[in-house]
Amino acid sequence: MSTADAVPETDKRVARGDARRLAILAAATREFGRKGYESARIADIARAAGVTDAGVFHHFASKQELFMAVVERREEVYQSIRLPMDTVRQLFDAIIGTVHVAAAEPDLLRFRVMLTGASRIEGHPVEGRSQRSLEAALDAFVPFIEQRIEQGEIAQGVDAQQVVLELLALNEGIRDQWSTLPDRIDYEATFTAAANGLYERIRA
């Protein structure tokens, strides 16, 4: 067999490996989101992904590594938010955009709901993660909104930290409500309306 013939077969093996890894991540997202870290079993994840237990461990060295890979995949949704922006309106639209992306993957959304509670459990792999995320959001967004108050986009007298906390609380609260009644609550539409209402209240 020539080198030219071997390259496509190598590419096929890589593609198959990538597809299996994605299938494992998708199955793990469902299992962890519905059962939590402790109760989810590698055997169930492997079965749902169409691989063996050994196949799971070929891609992820441990259950914790697999769990953290799902965490990182979930956080990719929010990496499109970059400051500085020109306006607070753009910031709100960017967050609404992340909700649109998140709503397209209900299993990942349900995983995020589970993650919020898990981060408060002592000894959990994500212990303290929500605290660090909230601190990072406040550190980034509060000064930005204060600047936009000074520049006239946002009304004088508005408490910038209050705005950030309300916006994050709307997202988390509506997401939790959706996880309780997914057939009755449109997460994306409800959050969009709430975020737009908040912006109208604070704009100059």
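Which helix does Glu31 lie in? Let's find out by walking through this predicted model one selection at a time.

**First stop: Glu31.** Select residues 3–39 and you have helix 1, where Glu31 lies. Now highlight Glu31 itself. Is Glu31 buried or exposed? Its relative accessible area is 16%, and buried means under 20%, so Glu31 counts as buried. To see some of its surroundings, show Gly36, Ala40, Asp44 and Ile45: Glu31 touches these residues, leaving aside any up to four places away in sequence.

**Next: residues 41–60.** Select this stretch, which an unreviewed UniProt entry annotates as "DNA-binding region". The chain here is 75% helix and 0% strand.

**Then: helix 4.** Select residues 63–75. How far apart are the end C-alpha atoms of this helix? They are 19 Å apart, which agrees with the 18 Å that its 13 residues should span at 1.5 Å a residue. Colour the buried residues of helix 4, among them Leu66, Phe67, Val70 and Val71. Arg74 and Glu75 are buried here too.

**Last stop: Thr116.** Move to helix 6, residues 106–118, and pick out Thr116. Its relative accessibility is 5%, so Thr116 counts as buried. Which residues does Thr116 touch, not counting those up to four places away in sequence? Show Ser130, Glu172 and Arg175 to see them. Ser130 is 14 residues from Thr116 along the chain, and their C-alpha atoms are separated by 6.4 Å.

Methods:
Residues numbered from 1 in each chain as written. Predicted model: local features only at pLDDT ≥ 70, side-chain atom pairs only at ≥ 80, totals over all residues. Heavy atoms only, no water. Helix = DSSP H or I, 4+ residues; strand = E, 2+ residues; numbered from the N terminus. Expected span 1.5 Å × (residues − 1). Buried < 20%, exposed > 50% of the residue type's maximum accessible area, 1.4 Å probe, protein only. Contact = heavy atoms within 4.5 Å. UniProt positions renumbered as here; feature names shortened; annotations may be inferred.
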